[in-house]
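Dear colleague,

Please find the structure below, handed over for your reference. My notes on it follow directly after.

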Amino acid sequence: MPRRTLNLGILAHVDAGKTTLTERLLYAAGVIDAVGDVDAGTTRTDTLALERQRGITIKSAVVSFEIAGVTVNLIDTPGHPDFIAEVERVLSLLDGAVLVISAVEGVQPQTRVLMRALQRLRVPTLLFVNKVDRGGADPGRVLAAITARLAGAVVPMGTVDGPGTRAARCIGYGLGDPGFRAVLTEALADRDDALLAAYVENERAVTGRRLRAELAAQTRLCLLHPVFFGSAVTGEGVPALMAGLTELLPAEAGDADGAVSGRVFKIERGPAGEKIAYVRMFAGTVHVRQRLAVAGVGGRDAEVKATAISVSERGEWPRRPELVAGEIGRLWGLTGVRIGDTIGRAPTTGVPHHFAPPTMETVVAPVRPGDDGALRGALAWLAEQDPLINVRVDDTGREVSVSLYGEVQKEVVQATLAAEFGIDVTFRETTVICVERPVRAGEAVEILNTESNPFQATIGLRVEPGPPNSGVDFRMGVEPSAMPMYVYRNADTFAEHMGQYVRATLREGRFGWQVTDCVVTMVDCGYSLADGPPSRRGPLSTPADFRNLTPMVLMRALDRAGTVVCEPMLRVSLETPVRAINPVLTALGRLGAAVRQQSVRGDLTTIEAVLPAARVPDLQRRLPGLTGGEGVIESTFDGYRPVRGGGPRTRARTTADPRQRERYLASLTRQGGRG
């Protein structure tokens with residue numbers, strides 16, 4: 001019989017105790033002999049030096065155990081908002097989640113952000129109110145806050161006797177308790193008309209078995225969230241939570257015989273520098289030495305071969321001949337794969353990624369000048385681990401910039417470079433990442449065998465504005481007879497390569513920013529032949545001629561079109577106490593925000609606004625003071641807007657010479673980094 005598997009995420013606000021809960025679950029399942037201590041740095045899942053030093057989770061970790069015949073792949077996720085991209089990647093893997101809330105601090109701002117993400121992506125979620133034994137614990141107050149501010153549709157699965165003391169005990173409710181039965185029936189009937197009708201007709205006919213089954217069904221549909229209480233430190237209440245994991249969350253046996261479908265969610269390097277890809281299998285079976293189709297982020301497709309497999313099993317990673325549906329495994333040999341890539345068919349289950357790319361960047365410099373080259377290689381590797389970290393180098397070859405989410409992430413990069421690569425670095429002030437858009441149409445051409453053209457090719461390009469958020473649209477406006485078929489085999493291949501040359505060039509425009517939202521059309525094309533007519537006679541044209549001539553022509557066309565620098569805009573959703581509406585609205589006005597909508601629910605108000613991404617960190621810093629620490633802010637990318645006032649912002653170019661730039665981009669590609 002196929003084994004049932006539950007891929008489980010544990011999420012929480014910083015310091016709510018999720019890593020300690022992970023340790024307690026592993027201990028209760030017999031995977032470890034003692035519960036690790038976060039402060040002492042002895043936990044199983046926080047393996048990075050900075051994680052142990054600061055007592056926070058930075059990178060997702062996977063560990064497995066069994067409960068009642070169900071294999072649980074437990075994923076300990078970051079709780080700090082700087083690592084929300086890591087959290088969102090994990091959400092695409094989950095069958096269910098546990099959201100941990102402190103019984104002392106209660107519902108915190110990041111708790112609300114995480115719950116919104118879980119609800120938006122429809123991940124079935126149990127709530128665990130932790131630290132009931134700590135001084136100041138008030139489970140009743142926290143439950144009321146959960147109902148009012150987090151998730152109205154909740155059912156407490158027990159109560160706490162003696163909260164706030166070391167003697168605190170969790171008492172689970174049973175269906176024999178008339179009060180609990182009434183509360184549960186009412187909550188379930190609110191969302192199930194058939195159950196309501198049966199209850200009204202004959203209360204006694206609604207059996208405990210039916211109520212339990214309906215509770216599991218509504219939990220799996222994200223209609224209801226059971227709330228458990230306990231202490232991860234003492235283990236109180238944890239057995240009830242463990243029972244809830246297998247009874248209430250969707251643990252299923254995957255289709256091992258189906259078409260292969262998996263997703264890469266993490267990349268590591270082994271002791272010998274080999275790439276190790278963490279893969280969540282949604283369907284099918286992967287065998288050692290099997291060739292696999294990979295659909296890459298951004299349209300990259302490849303075929304790779306798994307040379308070795310290990311599977312997460314009871315806290316270890318034993319080697320196995322295969323990886324089957326439902327499991328999480330580590331695969332060797334998947335050269336070129338990146339986080340987010342799909343193995344085989346795209347999953348039909350799970351949730352998609354849903355987060356905006358970082359809109360800020362900072363210059364990172366080595367303390368020792370001789371570490372320039374090593375720094376570029378190390379950053380290329382970090383970019384491979386996290387595709388949202390973009391790396392670029394200026395025309396001196398020394399000034400390196402990385403894109404980031406926040407200051408803590410900057411600290412993580414600094415600590416990682418020091419610990420894993422032996423490179424000490426410093427950072428400059430963080431700045432916003434802009435783009436350029438063409439203002440009007442511009443056209444340029446370089447003719448073969450003319451004095452201004454050093455290459456054996458003719459290229460004419462026209463660039464013009466495109467629709468917002470359309471990226472770069474490359475089109476062919478010449479007949480196939482004008483294309484060098486002897487070099488590129490066919491018209492489609494030539495068009496594909498020209499599109500690559502165009503997009504590589506547009507990574508930096510007139511002011512140093514990436515050019516986007518434009519249409520580039522090839523309006524002229526020619527190549528040379530040894531026995532051709534005088535205007536085309538010469539050495540045979542090569543791909544290098546077209547690759548190197550493209551930047552010259554395209555940048556000239558772009559100069560004639562003109563570009564405008566546009567800054568990223570974010571749509572922010574602020575949740576704040578009603579009493580803080582006026583100071584928050586005043587702050588938004590001073591930051592140049594346009595308020596789009598306001599709504600009130602109980603003692604909370606939600607404000608929707610759009611403002612420049614550069615102003616959002618300032619808003620984040622001010623919000624706690626304006627709201628007494630109760631404000632919550634979420635942001636989503638809302639496109640670009642021309643920079644207002646002060647003239648266009650310029651950015652240092654990676655290289656002034658297009659040919660140098662192409663060599664640099666090619667070298668970064670070979671390293672596996674991003675330019």
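Thr342 is buried, as its relative accessible area is 10% (buried means under 20%, exposed over 50% and partly exposed in between, with a 1.4 Å probe and protein chains only). The model is a predicted one, in which local features need pLDDT of at least 70, side-chain atom pairs count only at pLDDT 80 or more, and totals for chains, interfaces and linings use all residues. Residues are numbered from 1 along each chain as its sequence is written, and side-chain values use heavy atoms, with hydrogens and water left out.

Thr342 lies in strand β18 (residues 342-344); strands are DSSP runs of E with at least two residues, and helices are runs of H or I with at least four, numbered from the N terminus. Beyond its neighbours within four places in sequence, Thr342 is in contact (heavy atoms within 4.5 Å) with Gly262, Ala293, Val294, Ala295 and Pro347.

Strand β18 belongs to an open sheet of 7 strands, ordered β14-β13-β18-β10-β11-β17-β15, with antiparallel pairing; two strands pair if DSSP finds at least two bridges between them. At the edges are β14 (301-305) and β15 (308-311), each pairing on one side only. Within the sheet, β10 (residues 261-269) and β11 (residues 275-283) run antiparallel and are joined by 8 bridges. Arg269 stands opposite Lys275 in β11.

Turning to the helices, Pro583, Val584, Ala587 and Leu588 in α15 meet Leu619, Arg622, Leu623, Leu626 and Thr627 in α16.

Yours sincerely
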